[in-house]
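Open the model in your viewer and keep the selection tool at hand. The stops below go from a loop to a pair of strands and then to the ligand.

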Amino acid sequence: MHAAKKIDAANKRDFYRELAAQLSALLAGEEDPIANAANAAALIYHSVPHLNWAGFYFLQSNDELVLGPFQGKPACVRIAVGRGVCGTAIERGSSILVEDVAAFPGHIACDTESRSELVVPLIHDGGIFGVLDLDSPLPARFDADDQKGMEELAAIYIANSSWED
Ligand code: SME
């Protein structure tokens, strides 16, 4: 059984370095993409301060994301590519950091408490297959260090998971 160690870091870079080490240890030896997404969401949700949602959406066709493993309140199941922050991140193929969700055109409010959001696309072998989505009840909760840190966590998740039969 994994016990998430409280991270006592002086700054965000140290915090994410430690969280990356914990995620690598947690996923080591397991390749199932759903199991790994579930454990990654749980570790992130319980380790990163001021989140009200952390989880995954996966592309089930070229034009639609479907809800994957997450922690937080029940969420919208299907998001069209190009819609909301998640669907826009798929279209752009790059992370989106939203300081104020009310100012993002087309933001989809799954939890009305969310004030800021960070979405990181999941890219494997040059193909985009989903997103890691983080929501916070605090405005401007995420900055460039959070984006870099979450992109590293997404990369660890991708490197440890296999989609081969
Ligand atoms: N806010 C997202 C929808 C997903 S929920 O935040 C969990 C969006 O605009 O795509």
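Select His50 to begin: His50 lies in the loop between helix H2 (33–47) and E1. Helices here are DSSP runs of H or I with at least four residues, strands are runs of E with at least two, and both are numbered from the N terminus. This is a predicted model, in which local features need pLDDT of at least 70, side-chain atom pairs count only at pLDDT 80 or more, and totals for chains, interfaces and linings use all residues. Residues are numbered from 1 along each chain as its sequence is written, and side-chain values use heavy atoms, with hydrogens and water left out.

His50 is not a glycine, yet its phi is positive, at about 60 degrees. Most residues other than glycine have a negative phi. With 49% relative accessibility, His50 counts as partly exposed; buried means under 20% relative accessible area, exposed over 50%, and partly exposed in between (1.4 Å probe, protein chains only).

Next, select residues 116–124, strand E5. Seven of its nine residues are buried, so E5 is largely enclosed by the rest of the structure. Strands pair if DSSP finds at least two bridges between them.

Now move to Asp125, in the loop between E5 and E6. The hairpin of these strands has two residues between them, and Asp125 takes a positive phi near 50 degrees. Is Asp125 buried or exposed? Asp125 is exposed, with a relative accessible area of 75%.

Finally, select the ligand. It is surrounded by 13 residues, the closest being Val85, Cys86, Ile108, Glu117 and Asp135; a residue counts as near if one of its heavy atoms lies within 4 Å. Which atoms of the ligand and Glu117 are 3.0 Å apart? A nitrogen atom of the ligand is at that distance from an N or O atom in the side chain of Glu117. The protein covers 100% of the 300 Å² of accessible area that the ligand has on its own, by the Shrake-Rupley method with a 1.4 Å probe. To finish, colour the elements that give two or more residues to the shell around the ligand: strand E1 (53–61), helix H3 (84–92) and E6. H3 gives the most, with three residues.

Notes. A polar contact is a pair of N or O atoms within 3.5 Å; within protein, one must be able to donate a hydrogen and the other to accept it, and residues adjacent in sequence count only if both atoms are side-chain atoms.
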